[in-house]
Amino acid sequence: MDVGQLQRQFIDYTASLFREEWRGFLDDQFTQLRKLQDENNPDFVFEVVSLFFDDSEKLVNNMAKALEQPTVEFKQVDAHVHQFKGSSSSIGAHRVKNVCVAFRSFCEQQNIDGCKRCLQQLKHEYSLLKSKLETLFRLEQQIMAAGGSIPMVE
């Protein structure tokens, strides 16, 4: 595939991640993050998102462990969810952030079943997001390997 085709594919794929019909995997914060990337730091977004992935795995595991305790400390679960909401917001992970909002409401109500359902939904949305962003980063690598530049998508 030539560079032009890869760049068009990148633009189309990126746009699909923002579309309403996809219920918006990403929001404008991801676009803002991409604008911070330049030739002096060409891997900025990849590095930030990789840190998000690493932290997210730990947070999800901590939430799961906390919800399996005989006596659930809802404030502790909520603290993990709050942190996850903040980090997902900072990279523009729209759907993940929205699940965190609902999850926090169940924590506030001390609703164990609601929390467990939200944890499963959070794992699902996180997994989808991770897969989508990994695909996006592979496209970026293919474009760069073919000698092209990454197009900005507004």
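The structure is a predicted model, in which local features need pLDDT of at least 70 and side-chain atom pairs count only at pLDDT 80 or more, while totals for chains, interfaces and linings use all residues. Residues are numbered from 1 along each chain as its sequence is written, and side-chain values use heavy atoms, with hydrogens and water left out.

**Overall architecture**

The protein chain has six helices and zero strands, where helices (H or I, at least four residues) and strands (E, at least two) are DSSP runs numbered from the N terminus. Along the principal axes, the C-alpha atoms fill a box of roughly 55 × 30 × 25 Å. Of the 154 residues, 40% are buried; buried means under 20% relative accessible area, exposed over 50%, and partly exposed in between (1.4 Å probe, protein chains only). Among contacts (heavy atoms within 4.5 Å) between residues at least 6 apart in sequence, 66% join residues at least 24 apart. The chain exposes about 8700 Å², of which carbon and sulfur atoms supply 48%; accessible areas come from the Shrake-Rupley method with a 1.4 Å probe.

**Helix α3**

Helix α3 covers residues 44-67, and its end C-alpha atoms are 34 Å apart, which agrees with the 34 Å that its 24 residues should span at 1.5 Å a residue. The expected span is 1.5 Å times one less than the number of residues. Buried residues of α3 include V45, V49, F52, F53, S56, L59 and V60. What covers the buried residues of this helix includes α2 (28-35), α4 (74-91), α5 (94-109) and α6 (112-145).

**Aromatic pairs**

The structure holds six aromatic pairs. Rings of Phe, Tyr and Trp (its six-membered ring) pair if their centres lie within 6.5 Å; planes under 30 degrees apart count as stacked, over 60 as edge-to-face and the rest as tilted. Two of these pairs are tabulated below.

| Pair | Centre distance | Plane angle | Class |
|---|---|---|---|
| F46 and F137 | 5.3 Å | 85° | edge-to-face |
| F52 and F84 | 6.0 Å | 15° | stacked |

The pair of F46 in helix α3 and F137 in helix α6 links parts of the chain 91 residues apart. F46 is partly exposed, with a relative accessible area of 38%, whereas F137 counts as buried at 6%.

The pair of F52 in helix α3 and F84 in helix α4 joins residues 32 apart. F52 is buried at 3% relative accessible area, and F84 is buried at 0%. F52, F53, F84 and Y126 form one aromatic cluster.
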